[in-house]
Amino acid sequence: QVQLVEFGGGLVQTGGSLRLSCAASGLRFRNYNMGWFRQAPGKEREFVASISGGGGRIYYAESVKGRFTISRDNAKNTVYLQMNSLKSEDTAVYYCAADRTLVATMKPDYWGKGTLVTVSS
């Protein structure tokens, strides 16, 4: 059973930082591109960031570039999203995702259940 479990969501003030983690199990983690998506209230789910299996290729949405950093630790089967300079528009449910073949245009094979990030003004 493949499981992606997100940790680290919560309430943070505008301008603050938060680090999300996603622990993966039931898959050969290094063989999967990993990514983060988010869905804000009343909006469609959108791509945030992705990273290739070995960490050599990284992609970000323009809206988060320069503020968010994706990374992974294959020894721990974990992918991270460091979020800095948070804005109210970053408020969303953040989903961890895994894609065996695609990284730049990720179409996930597996999804986590999501973790809520709320940025207060």
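**Salt bridges around D90**

Tutor: In this predicted model, the side chains of D90 and R67 meet in a salt bridge, with an N to O distance of 2.7 Å.

Student: Which parts does the pair of D90 and R67 tie together, and how many residues apart in sequence are they?

Tutor: D90 lies in the loop between β8 and β9, whereas R67 lies in the loop between β6 (58-60) and β7 (68-73). The pair therefore ties together parts whose separation in sequence is 23 residues.

Student: Is D90 buried or exposed?

Tutor: Buried means a relative accessible area under 20%. The relative accessible area of D90 is 0%, so D90 counts as buried.

Student: What is the N to O distance in the salt bridge between R38 and D90, and where do these two residues lie?

Tutor: The side chains of R38 and D90 meet in a salt bridge at 2.9 Å, N to O. R38 is in strand β4 (residues 33-39) and D90 in the loop between β8 (78-83) and β9 (92-99), so this pair ties together parts that are 52 residues apart in sequence.

Student: With which residue does R38 form the salt bridge of 2.7 Å, and is that residue buried, partly exposed or exposed?

Tutor: R38 has a relative accessibility of 4% and so counts as buried. Its salt bridge of 2.7 Å, N to O, is with the side chain of E46. With a relative accessible area of 35%, the residue in question is partly exposed: E46.

Conventions:
Residues numbered from 1 in each chain as written. Predicted model: local features only at pLDDT ≥ 70, side-chain atom pairs only at ≥ 80, totals over all residues. Heavy atoms only, no water. Salt bridge = Lys/Arg side-chain N within 4 Å of Asp/Glu carboxyl O. Buried < 20%, exposed > 50% of the residue type's maximum accessible area, 1.4 Å probe, protein only. Helix = DSSP H or I, 4+ residues; strand = E, 2+ residues; numbered from the N terminus.
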